[in-house]
Amino acid sequence: MEEDIRNEEARIRGQKCYICKERYANVSCCAKKCFRSFHTLCGMQNECLSHYVDTFQSWCDKHVALVDMVKHSETVACGIFYDDMGPYRKLESSHVPCCQNSWFHRSYVAQFAQSARCFLKCPLCNSKDDFSQQMHQRGIYIPEN
């Protein structure tokens with residue numbers, strides 16, 4: 001509705017992005033006592049996490065609660081395109097419980113999810129639930145149908 005759009009524009013008019021310092025920051029961190037706001041694109045480029053399901057929560061890079069028990073080496077291969085993972089990055093490096101020694105680039109899984117849609121499963125072992133749940137936690141949108 002037009003009124004909703006105008007209200008949202010008024011709400012974000014004075015909010016500055018903590019990353020680029022420009023106005024109209026449209027996303028706020030959901031962590032308690034955190035008042036950081038950021039633009040969607042700035043967040044995507046700077047290790048912020050947004051969930052595109054349920055309540056659409058987002059967190060700044062300081063409050064992303066992902067913890068991998070292990071980290072990969074730079075030469076380990078991505079399980080989708082088999083290129084080197086490169087340096088470990090908390091959001092970009094995805095490790096799934098179904099395949100203990102496998103790693104995936106988050107951006108590759110996002111592309112894979114768009115084509116697989118609701119049929120998304122681990123490309124290595126075909127596990128659906130563990131793989132989908134882990135990808136949801138990393139902010140990858142999986143279309144329902």
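Reply: Happy to. Start with a cut-off: under 20% relative accessible area is buried, over 50% is exposed, and anything in between is partly exposed. Keep in mind that this is a predicted model.

Me: Why is Tyr 24 called partly exposed?

Reply: Tyr 24 has 32% relative accessibility. You'll find Tyr 24 in the loop between helix 1 (2-12) and strand 1 (27-28).

Me: What is said about the phi of Tyr 24?

Reply: Phi of Tyr 24 is positive, about 65°, although the residue is not a glycine. Asn 126 also has a positive phi, near 70°, and is a residue other than glycine. Asn 126 sits in the loop between helix 3 and helix 4 (129-137).

Me: Let's zoom out. What is the order of elements in the protein chain?

Reply: From the N terminus on, the run is α-β-β-α-β-β-β-β-α-α. That's four helices and six strands. Of the 145 residues, 38% count as buried. The C-alpha atoms fill a box of roughly 50 × 35 × 25 Å along the principal axes.

Me: What makes Ser 102 buried or exposed?

Reply: Ser 102 has a relative accessible area of 8%. The buried class is under 20%, so Ser 102 is buried. Ser 102 lies in the loop between strand 5 (93-95) and strand 6 (103-105). Leaving out residues up to four places away in sequence, Ser 102 touches Ser 94, His 95, Val 96 and Leu 124.

Me: How close is a polar atom of the Ser 102 side chain to the backbone oxygen of Cys 99?

Reply: The two atoms are 2.8 Å apart. For a polar contact, the N or O atoms have to be within 3.5 Å, and the Cys 99 to Ser 102 distance of 2.8 Å is inside that limit.

Me: And what about Cys 78, buried or exposed?

Reply: Buried, because Cys 78 has 0% relative accessibility and the class takes anything under 20%. Cys 78 is in the loop between strand 4 (58-59) and strand 5. Its contacts, leaving aside neighbours within four places in sequence, are Asp 83, Met 85, Trp 103, Phe 104, His 105 and Tyr 108. Cys 78 and Ser 102 are 24 residues apart along the chain, with 7.3 Å between their C-alpha atoms.

Me: Where is His 72, and what makes it count as buried?

Reply: His 72 is in the loop between strand 4 and strand 5. With 9% relative accessibility, His 72 counts as buried, because the class takes values under 20%. Its side chain makes a polar contact with the side chain of Ser 93 at 2.8 Å. Not counting residues up to four places away in sequence, His 72 touches Met 85, Gly 86, Pro 87, Tyr 88, Ser 93 and Trp 103.

Me: How many disulfides does the count come to?

Reply: The count comes to zero disulfides. Take Cys 42: the nearest cysteine sulfur belongs to Cys 20 and is 3.8 Å away. A disulfide needs the two sulfur atoms within 2.5 Å, and Cys 42 is in no disulfide. With 13% relative accessibility, Cys 42 is buried.

Me: How do you know that Cys 98 is in no disulfide?

Reply: For Cys 98, the nearest cysteine sulfur is that of Cys 125, at 3.7 Å. The limit is 2.5 Å, so Cys 98 is in no disulfide. Cys 98 has a relative accessible area of 22% and is partly exposed.

Me: Last topic, the largest pocket. What is its volume, and which residues are closest to its centre?

Reply: The largest pocket has a volume of about 460 Å³. It is lined by 25 residues, and the closest to its centre are Met 44, Cys 48, Tyr 52, Arg 106 and Gly 139. Helix 2 (40-45) and helix 3 (106-116) are the elements that give two or more residues to the lining. Helix 3 gives the most, with five residues.

Me: What is the lining of the largest pocket made of, by class?

Reply: The lining has ten nonpolar, eleven polar and four charged residues.

Technical notes. Residues are numbered from 1 along each chain as its sequence is written. This is a predicted model: local features need pLDDT of at least 70, side-chain atom pairs count only at pLDDT 80 or more; totals for chains, interfaces and linings use all residues. Side-chain values use heavy atoms; hydrogens and water are left out. Buried means under 20% relative accessible area, exposed over 50%, partly exposed in between (1.4 Å probe, protein chains only). A polar contact is a pair of N or O atoms within 3.5 Å; within protein, one must be able to donate a hydrogen and the other to accept it, and residues adjacent in sequence count only if both atoms are side-chain atoms. Contact means heavy atoms within 4.5 Å. On a 1 Å grid over the protein atoms alone, a cavity is a set of points where a 1.4 Å probe fits but cannot get out, and a pocket is an open set with protein on both sides within 12 Å along at least five of seven lines; lining residues have an atom within 4 Å of a point. Grid points are joined across faces, edges and corners, and a volume is the space filled by probe spheres set on the points. Ala, Val, Leu, Ile, Met, Phe, Trp, Tyr, Cys and Pro count as nonpolar, Asp, Glu, Lys and Arg as charged, and the others, Gly among them, as polar.
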